[in-house]
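Please open the structure in a viewer that can select by chain and residue number. The tour below moves from one selection to the next and states what is found at each stop.

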Amino acid sequence: MAIRSFLFLPLLFFSSLNPILSLYEDQVGLMDWHQQYIGKVKQAVFHTQKTGRKRVVVSTEENVIASLDLRHGEIFWRHVLATNDVIDGIDIAIGKYVITLSSGGSILRAWNLPDGQMVWESSLQGPKHSKSLLLVPTNLKVDKDNVVIVFTNGRLHAVSSNDGEVLWKKDFEAESLDDQQVIQPPGSDLVYVVGFAASSQFEMYQINARNGELLKHESAAFSGGFLGEVSLVSSETLVALDSTGSILLTISFHNGKISFQRTPISNLVEDSLGPAVITPSSVTGIFSLKVNAITVFIRVIGEGKLEVLEKTNHKTAVSDALSISEGKQAFALIQHAGSEIRLTVKTADDWDGNLLKESIKMDQQRGLVHKVFINNYIRTDRSYGFRVLIVMEDHSLLLLQQGEIVWSREDGLASIVDVTTSELPVEKDGVSVAKVEHNLFEWLKGHMLKLKGTLMLASPEDMVAIQSMRLKSSEKSKMTRDHNGFRKLLIVLTRAGKLFALHTGDGRIVWSHLLQSLHKPQVCQHLIGLNLYQWQVPHHHAMDENPSVLVVGRCGPSLDAPGVLSFVDTYTGKELSSLSLVHSVAQVIPLPYTDSTEQRLHLLIDADQRAHLYPKTPEAIGIFQREFSNIYWYSVEDDNGIIKGHALKSKCTCEVADEFCFDSRELWSVVFPSESEKIIATVTRKLNEVVHTQAKVIADQDVMYKYLSRNLLFVATVAPKASGEIGSVTPEESWFVAYLIDTVTGRILHRVTHHGSQGPVHAVFSENWVVYHYFNLRAHRYEMSVIEIYDQSRADDKDVWKLVLGKHNLTSPISSYSRPEVITKSQSYFFTHSLKAIAVTSTAKGITSKQLLIGTIGDQVLALDKRFLDPRRSVNPTQAEKEEGIIPLTDSLPIIPQSYVTHAFRVEGLQGIVTVPAKLESTTLVFAHGVDLFFTQLAPSRTYDSLTEDFSYALLLITIAALVAAIFVTWILSERKELQEKWR
Amino acid sequence: MKTTEVIVAFILTLSLMSFPSLGFQSDELLVDDEEFGLEGAPQPRSPEPIPTRSQPVTTPTRKRHSDLDSDSKIQFSLDHAFGDSDFSPAGTFSARLKTWSHGGQTLTKLRFSRNSFTDGEKEKFKNLLESDDFYRIRLPSNVLSPPGRDFIFSSVKARCLPREGLDEHFVIHMEGINVLAVNYGSPGSCPYPRNLKLPAKWSFNSHTVLKNSEQAPRAPIFTEEILGGENGEGEVVLPPERSFWAKYWMYLIPLGLIVMNAITQAMNLPEEQATGQVPAQGQPSGGAVQRGPSSAVRRR
């Protein structure tokens, strides 16, 4: 042991000299990439004036407001609002401001259109919660101010669009109004607010837009009640549905007189079975209904007469109206027909006359068209041209013009729900000679350039060439496996249910696959709760078998909704098979066993705690039976405050015989008292984590044994009162308890209370330690704590004589049923930032020291050495401890600016950090995702096991050649000298 | 054979010493929470004479609190089940409920009395041992109004319990009057290939520990300590005063090698001079042979 520690000491010492890892400016982009997205577009507003013509402003479901270039789809500017600041509406006012209404209608902001600077912000309060509506009239002025009209929280506001000042407001508090529309007939000074009250009363208010004075209030009762959306047909007519969804109501409020006109839907559509739904649109005189799968377009011809224009059972999407000339409106209609989509642009008053009719080939992997936004432009021949922006089922955004897709954005990648990785194919033999020669020439040229750079002989042009060569190195984006394991496929699953394979070299999309089988309406209505697992990872059959992943989803919001499975090949992106299950999926447990084809066995636990084994093969069940009594799992009931342990009992006793189904039994339970504790976080170790050694050599050449159990669970509970926002409770009534629980026996191995602290708690568990982050109310600061757990039962194994005589228990199997003798060490430190995510680096063999990756509130990723979070840090470490690498104790953790992994970038809306080991021990791959994506390689202890990328092989060769030459020269010289000597 | 007898006798005496009253032990364990929380393993380990660092056996009459004024006695029951059978009463915990001035309530002085196995239960337990199944216990989650919100379960493989009797170990995690969890199992190790072993005596040796939550260490706050630390640092530098050899071995070894090398060379040198006479003499002759033709060339 002493010898070993001697070997380690210098290593540790060297690593302690360089705690900071940072990049040089010219290394940016060598190993990292950053991609910016915006998310699924909710609303798009085209700008029609001079410079703005090339731009479109969009708001998205990821709370992003962005201005996009219409020519290329690039982002001009972008703002990511907080997750609770949901955008309700956007519009453009006075030709230069983008107005956004967000946070449930309580915040109205104006952004400068060209550069996205915020111009003003006003907070709009109201007496009660209601639907929020934003209306920007084109030429309504109050005292020379253009006005924005906002209905929010039961109050109507008129806001000046120049400075955001509220000009007047009108309360609708007394009336229990469920507002539906705010209408401003063009050219008048009136504003109409219409809505429903008490579910069967239709209310109409006429308001003077100049001062907010109530001019008229009419109401009429309709016994049938109202359902859902209304569609505005003209400025004085609405259509709505009664509460059964079978009668269509045309409501007109001409001159303040309200009249209803009923039309049973069965009169319009013969075979109407289900309830109808009105799809909101703003085309004058026309609205559309969806009954079953049929879309019906209906025109309202004065006085409530309805005329059916078209019925279609194709999937259809309609845009809002666009006024193209005086009194003339156009709108776009998109229909799916096989692998094509048909785009038609029609005017509101002439259904059959098409302004434009195009059909465009569409990638099947994009699914259906969800939204259409239309814009017009003037062609070179002075006629009107139209372009449409479409949002697809996979959340991508496309611009169509002249029958072509001008650009597309894969904005589904802004909402990644799960990430896994896959190896690339192994390089096969048979590379052509020509390719090698080409490569050889390039290689030589490249190295000559590099050599020039190293010897400082390179001209500025050469430097540029070197830099671009380094960035575009074809080596890193090859589609084959590399020796170091840097090239991999990142398989990401988005919220839309689409799988993408991203190449780690340059972040390009290798393939994408919309899980059609999971999206079929007969299979699944609402696909949610998607997860991704590695199904098959071939090692022995790597040449002839492709790896595959398993996608697990749930059809519906409740936990007992049936699940769906899909298996996807990761090289090609083809779906191998899919299953729609009869049971629900509450938990998926990848078991540590694989069958002969290297498919991993998975145990799916349903809501009744029955276990189902997949794959359903006799071989799998054979493997499973062998380990039957050694399979345990746990379940966490967050809202109940109960954690339970389970084990398998027997075959299912259900009516249908199923040999892959097993009953379980409860083994243990931990019940947190509901009045004092509430579970807010549970964290386990990563299943595939590798630990190099159990022993930890400490300063006095003593050994401590890490308690390395895979079955440890970290649980954090807080006082129920303190589960709200930070600062909502006093330190006296707030505490937070951290637990370490063994999930096989339910033993609480460690339990510690932090008084005066509160969540949110972010934690990461690795090896034998857990690091967690929380807020300390007493100190008014965030804190990070570490718990390390050591095994005392192996403390006697230090004796070398025992080892020699074979009396040690190193080889005896460890059982969870033995009483653990553990000691824990812990320490807390202050930390400046609040966190969004926390992760830890993982390497292939677990030798390299660890770094914590902290997703800060500023959407950056900070690398913090684990040694800063060592519980053994003391104020004055001894010389031996210093040599071991223990840093003197400080009260707070340092934030070193150079250790930001994301350097100059921000991963907007950061949600998760994923680390994947490379084959090279020193290196780990880091992928951070949110609205943006960021990928890089990290070497927590520097790349001690490989030459750096910019190492000059040419210089090495030349040096060797020069040395050889020198040897020959000196040899000849010495020969000659010797000869002369001898002649003397 | 004899050695086993000796060992058995030793075990017996050991267990007799530690538990003077056999039967259904109410093994009172003094549970002073902080103390045991820190000590970790105050219980006698498995009685096998393995040298361990474990604490000496705690005698049941070690310490008593004198202030029992605000205390009241309470009892709560332990239920057990064999495999998947229903739960039946198995014993009773009794403790003192201490009400603190600030309103908190905690349990102290936990005692446990175990009911002995009936013949039916013995049979069931034997079955468990044979099938390597779970022996399960449960406690109420609230000791004042059992069962509280739910029962607290715990289970152990039945084969972990038998030693010479049946040894069991409870660690009850409390939060005020609520039971959070109970860690139940054998007091020592339970190595994995669990062998079937019937207990010699059907009586329980029960060990119980009450545990409350520990306080987290506070984050260190430095104000003037850094200045005060200067002195300390000066002191700390002193201890690593290592021997001359430990400090400079890396220089000394090469030095030694060089010296040895030099010595051997020095030894060789006279030898060479002595033995080297012949070649030294031979050389000119060889040289003469060589020189012959060359001088001839020169002469030409």
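This is a predicted model: local features need pLDDT of at least 70, side-chain atom pairs count only at pLDDT 80 or more; totals for chains, interfaces and linings use all residues.

To set up the selections, note that chain A is divided into domain 1 (419–424 + 480–582), domain 2 (438–478), domain 3 (586–671) and domain 4 (955–984). Taken over C-alpha atoms, the centres of domain 1 and domain 3 of chain A are separated by 22 Å. Domain 1 of chain A brings 17 residues to the contact, and domain 3 of chain A brings 12 residues.

Which kinds of polar pairing cross this boundary? The count of salt bridges between domain 1 and domain 3 of chain A is 0, whereas 4 residue pairs, both members at pLDDT 80 or more, are in polar contact across the interface. Next, colour the strands β40 (527–536), β41 (548–555) and β43 (575–584) of chain A, each of which supplies at least two residues of the domain 1 side that touches domain 3. Of the elements on that side, β40(A) gives the most, with 4 residues. By class, the domain 1 side comprises 10 nonpolar, 5 polar and 2 charged residues.

**The interface of chain B and chain A**

Now display both chains. The size of an interface is often given as the accessible area lost when the parts come together. Chain B and chain A bury about 4800 Å² between them, 49% of it on carbon and sulfur atoms. Within chain B, select B:R149, B:L180 and B:F222, which lose the most area to chain A and together make up 14% of what that side buries. In terms of contact, 61 residues of chain B meet 58 residues of chain A.

How many salt bridges join chain B and chain A? The count is 3 salt bridges. Zoom to B:E175 and A:R751, which form a salt bridge with the closest N and O atoms 3.1 Å apart.

For the secondary structure on the chain B side, select β4 (134–140), β5 (151–157), β6 (166–175), β7 (178–185), β9 (214–215), α4 (225–237) and α6 (277–299) of chain B; each supplies at least two residues of the side that touches chain A. The residues of that side divide into 26 nonpolar, 19 polar and 16 charged.

Strand pairing also crosses between the chains. Strand β55 (residues 748–755) of chain A pairs with β9(B) in the parallel sense over 2 bridges. Select A:T753 to find its bridge partner in β9(B), B:Q215.

**A hairpin in chain A**

Move to strand β13 (residues 155–160) and strand β14 (residues 166–171) of chain A, which pair in the antiparallel sense over 5 bridges. A:V159 stands opposite A:V166 of β14(A). The two strands, β13(A) and β14(A), form a hairpin with 5 residues between them, and A:G164 in the turn has a positive phi of about 75°.

**Local features of chain A**

Over all chains, the count comes to 38 salt bridges. One of them joins the side chains of A:D85 and A:R109, at 3.2 Å from N to O. A:D85 lies in the loop between β5 (75–80) and β6 (87–93) of chain A, and A:R109 lies in strand β8 (residues 107–112) of chain A, so this pair ties together parts that are 24 residues apart in sequence.

Then select A:S103, in the loop between β7 (97–102) and β8 of chain A. Phi of A:S103 is near 60°, a positive value in a residue other than glycine.

Where does the tour find a cis peptide bond? The bond from A:Y614 to A:P615 is cis, with omega near -5°. A:P615 lies in the loop between β46 (611–614) and α6 (618–626) of chain A.

Definitions and conventions:
Residues are numbered from 1 along each chain as its sequence is written. Chains are lettered from A and ligands numbered from 1 in the order in which they are written. Side-chain values use heavy atoms; hydrogens and water are left out. Contact means heavy atoms within 4.5 Å. Buried area is the accessible area (1.4 Å probe) that two parts lose on being put together, summed over both. A salt bridge is a side-chain nitrogen of Lys or Arg within 4 Å of a carboxyl oxygen of Asp or Glu. Ala, Val, Leu, Ile, Met, Phe, Trp, Tyr, Cys and Pro count as nonpolar, Asp, Glu, Lys and Arg as charged, and the others, Gly among them, as polar. Two strands pair if DSSP finds at least two bridges between them. Domain bounds come from an automatic or database domain assignment. A polar contact is a pair of N or O atoms within 3.5 Å; within protein, one must be able to donate a hydrogen and the other to accept it, and residues adjacent in sequence count only if both atoms are side-chain atoms.
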